[in-house]
Amino acid sequence: MTTGTELIEATVERVAAALAAPWPVTPQAAPVSLEGGIGAALFLVELARRDPARLPAAHALIAPAARALAGTASVGLSHGPAPVLAAVQAAARIGPHYPQLRHTLTGHLASAQLARVTAEPDGPGVGWSDYDVITGPTGTGRLLLAAVTEGDQVERAAAEPALRATLDRLVALSRPVTVDGRPVPGWWVPSDRQATDGDRRVFPRGDVNLGLAHGIAGPLALLARSAEEGVTVGGQLDAVHRIAEWLAARADHDAYGPAWEPRLGLDAELARADAPADRAAAPQSSPHAARFGAAWCYGAVGIATALYRAGRLTGQDDWCRLALHSAHALGHRPGALDHLQGPTVCHGLAGLLQSLWRLARLAEDEVLLDHCAGIAEQVARQWDPAAAFGYRHVAPADRRRGWELGQPLGLEENPGVLEGAAGVAAALLSTLPGSTGGTGEPAPDPVWDRVLLLS
């Protein structure tokens, strides 16, 4: 009888084989996209950290991605030099691979980041891409942190000024701004800077975003992680406190535990700010919280991972308890996973799995680890032999960034990390025991989930 572990191992192998085989490059699988060839390479490098014999398969995707970079526009972590840098940084954990490419990409990314984060702010108010993980400087800031803490002298010299400037910008973002005579969070996105017309209709006076991918939990994770590594700027710990306290105060509670709405309109945020300090004691509910409650990108588990890291850094045990309580609640709240969009990372089960696994490891929480094992088996059983890479992403049919409840869903497939099979397999791989290269040494701690701001 096949065990859950055997099923997960077999599924990881199937995805790896599909990604290592020749496949056509489509617009959805561009070589320099985290959703395309280089995203697949990031997973294959992670697999090679356990078995170095897998590295040639990753190199077969990294090499064309590096060649395709000439003239490519950079879009944060999602497209261009940054995802290629993420893959070669991971490869450098195996051995001295790609030194010149790392130097070139680190220098390019640092130069672009420095120009971006030192530009004069056009505020009050920001756009998502001014700070978020996927298209903004927070995600690329995590790669700069890796260059500073793990890179050679050339990488460190190039990356450190840009990283410190990024941290300075996020510290400034954490400070309140005044809107209509009232203090509001500095990451408030006004109506005219919303991503879509639908967002402008839903949030006519703008909103504040709580999530990890596009909200303030992402900057919190980077500020805390860099402080853990000993890289700090003035006001950084104060910023961690401001953001974490704000997130803790914005938690809703039902009979099962805390959860967070993904986004708060300006008027809702002002009402929260005016509410009594003990409002958390009263059960709350929200259709949006139910919809997004378990996702990495917007849900409780992504926020909880950032909040737990902040609590551990600062000794604020109440933040740690809140984070763990919210994660445990997902295992008891009826229908908590019903609205996840398929098996992939963004909005899906694999993102929940990796976030929950990372939090469980940080907290050494065996109950959560057992929950992860069950979710991993569930994901493995969703392997689809008819899909090119084994998994399909369930997505809004019109691909709008600010999708709304009830929007029709469609199926897409790509090889990448956020919405593709590589992210699913990488999350499954994280949960597997094992050793490095048959040495008997424990399997290495994953690095691929840096691009999710989970590590």
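This is a predicted model: local features need pLDDT of at least 70, side-chain atom pairs count only at pLDDT 80 or more; totals for chains, interfaces and linings use all residues.
Residues are numbered from 1 along each chain as its sequence is written, and side-chain values use heavy atoms, with hydrogens and water left out.

Let's start with helix H10, residues 236-249. Helices here are DSSP runs of H or I with at least four residues, strands are E runs of at least two, and both are numbered from the N terminus. With 14 residues at 1.5 Å each, H10 should span 20 Å, and its end C-alpha atoms do sit 20 Å apart; the expected span is 1.5 Å times one less than the number of residues. The buried residues of H10 are Gln 236, Ala 239, Val 240, Ile 243, Ala 244, Trp 246 and Leu 247. Viewed down the helix axis, they fall within an arc of 160°, so they line one face of H10; that arc is taken from the directions from the axis to the C-beta atoms. "Buried" means under 20% relative accessible area, "exposed" over 50%, and "partly exposed" in between, using a 1.4 Å probe and protein chains only. Among the elements covering that buried set are helix H7 (153-173), strand E3 (207-209) and helix H13 (300-314).

Next, look at the aromatic rings, of which 2 pairs turn up. Rings of Phe, Tyr and Trp (its six-membered ring) pair when their centres lie within 6.5 Å, and their planes count as stacked under 30 degrees, edge-to-face over 60 and tilted for the rest. Trp 187 and Trp 246 make an edge-to-face pair, 5.0 Å centre to centre with 90° between the planes. This pair ties together distant parts of the chain, 59 residues apart: Trp 187 is in the loop between E2 and helix H8 (197-202), while Trp 246 belongs to H10. Trp 187 is buried at 2% relative accessible area, and Trp 246 is buried at 9%. Trp 383 and Tyr 391 are also edge-to-face, at 6.1 Å and 80°, and Tyr 391 is buried at 1%.

Zooming out, the largest nonpolar core has 142 residues, and those touching the most other members are Phe 43, Ile 62, Leu 247, Trp 260, Trp 296 and Leu 428. A nonpolar core is a set of buried Ala, Val, Leu, Ile, Met, Phe, Trp, Tyr and Cys residues joined through side-chain atoms within 4.5 Å. Helix H15 (residues 349-363) gives this core its largest share, 10 residues.

What about disulfides, pairs of cysteine sulfur atoms within 2.5 Å? The whole structure has 0 of them. For Cys 297, the nearest cysteine sulfur is that of Cys 346, 4.1 Å away. Cys 297 is buried at 1% relative accessibility.

Pro 81 sits in helix H4 and is buried at 6%. Its contacts beyond four places in sequence (heavy atoms within 4.5 Å) are Leu 69, Ser 74, Leu 105 and His 108.

Finally, two loop residues. Tyr 98, between helices H4 (81-91) and H5 (99-117), has a positive phi near 55° and is buried at 18%. Asp 180, between strands E1 (177-179) and E2 (182-184), also has a positive phi, about 55°, but is exposed at 62%.

Key. A disulfide is a pair of cysteine sulfur atoms within 2.5 Å.
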